[in-house]
Amino acid sequence: AESDVYKRQVYKEKMILCYDTLEAEVLVKGESIDSEVLLSKQTLRMKPTYVGLTECDFVEIINNSNVPIDFSWRSASSEKDEKEKRDKILRNLEAEEATERVVLEEAQFDESEEESLDSDDSYDADELTKKRERKAKKKKDIVARNYESMKANVAQEILHFNDDNETYKIEPQSGKIWPKTKALISVSFSPKMACEIPIE
């Protein structure tokens with residue numbers, strides 16, 4: 001069994017073990033402890049840099065514990081903030097999907113008008129209507145599948161740190177650090193304008 005642990009405490013859960021027609025209840029217990037993981041620096045102050053050039057600095061993630069740890073640089077400072085960002089992305093995708101559906105419906109109307117003008121009596125009106133409906137449904141289904149896939153990816157993926165202006169860059173953004181070892185993280189600063197730019 002696997003469990004995601006977010007704070008220090010004792011965890012208890014009941015698990016049902018099924019074998020053939022038999023069932024047994026098993027109590028699973030586990031305790032989480034604070035890992036001895038720290039940063040070599042709490043603050044990075046990047047040196048003044050000319051526009052168009054890049055300044056780099058480094059920070060180490062030190063794992064003094066006896067277990068491997070996974071790390072990732074996130075775009076949000078808490079689970080609540082990350083959920084809000086994820087929900088905002090999903091709302092934007094839903095709005096884009098709705099807009100694309102409207103565009104498809106308008107295009108379908110325009111196509112039907114053109115076919116009506118170009119068609120002659122030899123074409124059956126019902127057949128033309130069904131043909132247009134099948135074509136429109138196919139396009140809508142493709143749009144729906146594409147956005148469903150994008151929304152599923154957003155719901156599952158980790159929202160890594162991402163500077164939209166590409167002023168700051170962190171590498172690597174995620175990884176594993178084995179017990180009693182360190183990971184060297186590179187932070188680069190590439191200003192696009194002459195001003196003081198805080199990292200959020």
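**Rings, strands and a hairpin**

Student: How many aromatic pairs does the structure hold?

Tutor: Keep in mind that this is a predicted model. Searching it for aromatic pairs gives a count of 1.

Student: Is the pair of Tyr168 and Phe189 stacked or edge-to-face?

Tutor: The ring centres of Tyr168 and Phe189 are 5.2 Å apart, with the planes at 25°. Planes under 30 degrees apart count as stacked. So this pair is stacked.

Student: Which strands does that pair tie together?

Tutor: The two residues are 21 residues apart in sequence, and both Tyr168 and Phe189 are buried.

Student: Which strands stand at the edges of the open sheet of 4 strands?

Tutor: That sheet has the order 3-4-8-6, with antiparallel pairing. A strand with a single partner has one side left without a neighbour in the sheet, so the edges are strand 3 (37–39) and strand 6.

Student: What is the bridge partner of Lys169 in strand 8?

Tutor: Strand 6 and strand 8 run antiparallel and are joined by 4 bridges. Within strand 8, Lys169 has as its partner Ser188.

Student: Does strand 2 lie largely in the open or is it buried?

Tutor: Strand 2 (residues 22–31) forms a hairpin with strand 1, with 2 residues between them. The two strands run antiparallel, joined by 10 bridges. Of the 10 residues of strand 2, the number buried is 0, so strand 2 lies largely in the open.

How values were computed: Residues numbered from 1 in each chain as written. Predicted model: local features only at pLDDT ≥ 70, side-chain atom pairs only at ≥ 80, totals over all residues. Heavy atoms only, no water. Buried < 20%, exposed > 50% of the residue type's maximum accessible area, 1.4 Å probe, protein only. Pairing = 2+ DSSP bridges. Phe/Tyr/Trp six-rings, centres within 6.5 Å; stacked < 30°, edge-to-face > 60°.
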